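Hello,

Here is the structure I promised to pass on to you. My notes on its nonpolar cores and salt bridges follow below.

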Amino acid sequence: MSTAPPARRPDDEGWDTMEDTGHRPSERAGDNGHAGRAEPPGHGARGGRSERPGRPGRSGHAVVAGAGMGGLLAARVLSETFGRVTVVDRDALPGEGVPRRGVPQGHHAHGMLSRGCEVLEELFPGLTADLVAAGAVACDLQGDVRWYNDGRLLRPAPSRLRGLSVSRPRLERSLRSRVEALAGVTILDGCEVVEPITGAGGAVTGVRLLRPGHPPQDMPADLVVNATGRGNRGAEWLRRLGYGPVPEERVDSRLVYVSREYRRRPGDSDAVALIVGHGAAVPRGGVALSAEGDRWLVTLYGMGDDVPPVDPEGYHRFAARLPVPDLHDLLRRLEPLGAPRPMRVPVSVRRRYERLDRFPEGYVVFGDALCQFNPTYGQGMTVAACEAVALRECLADGGLDGLARRFFRHAARIIDVPWDMSAGGDLRFPSVEGRRTARLRLLNGYLARLHVAAEADPVVGNAFLSVANLQEPPRLLLSPGVLARVLRPRPGGVPAGHRPAAREEIPTGR
């Protein structure tokens, strides 16, 4: 390789699952190695067009496996370096912002953290305004959202934390339309990446593609990005190429989501969103997010055997058992637009590619294929956006030689904080298996005290939200100014569920 580029699907019983249940190579393509070496026919491209001309002043070809959020973000930054970028997805991609088969989590509420909103606007200028014009709701994440942690309302106050309340399918469709419009970028739908192919020296030199009714075809590439999502096909691909297993960290919260849409009307709530976190005392939670189409997207969740029912009456009874009554009170006033829809959430897995001694050149793993988070923390899309910026920087720093090693190290630093937050949060629950260090117990105890302080002090609340939204490092929560506010004596405490009488401005300094 040169130092730079030349110049599970819905299953039976109506349940969704985020596992990859696609066919494996041995099931669909055979293992006889017979494959044509040609570009896929043009009729497989989005919009019925053939391969688009390369971007002027760029050369080389990158292939991205997966046209979800991670794949689209990767394609956006790759288009700055490569003359051609081909994004391949096995779904027939919908023309509208509706859920699709390969992304069953699209039926459920999603969060884009403040940092993620900033990165999306940087990569796609004008995206926020376009989404708001289409019905999404821009918001102040502290002033317009009601956050409940351990049953305590984080004190609302105007802040600089910008958010956007929008459905996952609408957001993905908007990004896809913008990526499709980039010079040199082609999206092939209804076409599956079966596996990477290698050349001399073991470097990845392209991918093997399979479209129903056609023989396998090989597509050459200077770089292949695996953005296939939560399914761990990447580990199997590496095994077939002769590489050892990827070290993993796993946390199984035994989480189940059940979501339902409701009609949104003026006056339903003074908040753009309600977020009721689950806690050790009450392992149940839920969110209600405003969305385009004058809808509320409501997701309730539970752990183990205490999960939301799928019948409408049981769904509302479960909402009544959340740590605070606010979300249930909202649902009682709303008109449902469909039946509750369940989803089993798979185990959270962090794949430590940065710890491998050997890894093929010309290949990178990205987004959920690299780390899949507990979705209740709303971190996955924002982490993918930050990884896109990291990929851009790694390409600029050294081209293709050693790219994977540089990127995995950089991505690991991005993942460290949200993984520690979500895994540490899950380990509050006795039913979740995992090692509970003295440090973790101390931090969880401090956060419980912080939530008490944040109920009365908007500065503490802003510090917590800034860290949770990946805008500030965790050390902010232990800075002298925040620490003094958290440890300040509060005679009698503040009753859980107390509602402040008025919103406060956040002082400039902490």
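The largest nonpolar core holds 94 residues, and Leu-78, Leu-171 and Phe-407 have the most contacts inside it. Helix α9 (residues 380-398) gives this core its largest share, 11 residues. A nonpolar core here is a set of buried Ala, Val, Leu, Ile, Met, Phe, Trp, Tyr and Cys residues joined through side-chain atoms within 4.5 Å. Buried stands for under 20% relative accessible area, exposed for over 50%, and partly exposed for what lies in between (1.4 Å probe, protein chains only). There is also a second, separate core of 28 residues, which includes Ala-291, Leu-450, Phe-464 and Val-486.

Before going on: this is a predicted model, in which local features need pLDDT of at least 70 and side-chain atom pairs count only at pLDDT 80 or more, while totals for chains, interfaces and linings use all residues. Residues are numbered from 1 along each chain as its sequence is written, and side-chain values use heavy atoms, with hydrogens and water left out.

Back to Phe-407: leaving aside residues up to four places away in sequence, Phe-407 touches Val-364, Val-365, Phe-366, Leu-370, Glu-387, Ala-390, Leu-391 and Cys-394 (contact means heavy atoms within 4.5 Å).

Now the charged side chains. Taking a salt bridge as a side-chain nitrogen of Lys or Arg within 4 Å of a carboxyl oxygen of Asp or Glu, the count comes to 34.

- Asp-140 and Arg-162 form a salt bridge, with their closest N and O atoms 3.4 Å apart. Asp-140 is in strand β4 (residues 137-140) and Arg-162 in strand β7 (residues 162-165), 22 residues apart; helices (H or I, at least four residues) and strands (E, at least two) are DSSP runs, numbered from the N terminus. Asp-140 is buried at 8% relative accessibility, whereas Arg-162 is partly exposed at 45%.
- Asp-305 meets Arg-254 in a salt bridge of 3.7 Å, N to O. Asp-305 lies in the loop between β17 and α7 and Arg-254 in the loop between β13 and β14, so this pair ties together parts that are 51 residues apart in sequence. Asp-305 is exposed at 75%, and Arg-254 is partly exposed at 41%.
- Asp-306 pairs with Arg-321, with the closest N and O atoms 3.2 Å apart. Asp-306 is partly exposed at 22%, and Arg-321 is partly exposed at 38%.

Finally, a network of salt bridges links Glu-195, Arg-208, Asp-218, Glu-236, Arg-239 and Arg-240.

Best wishes
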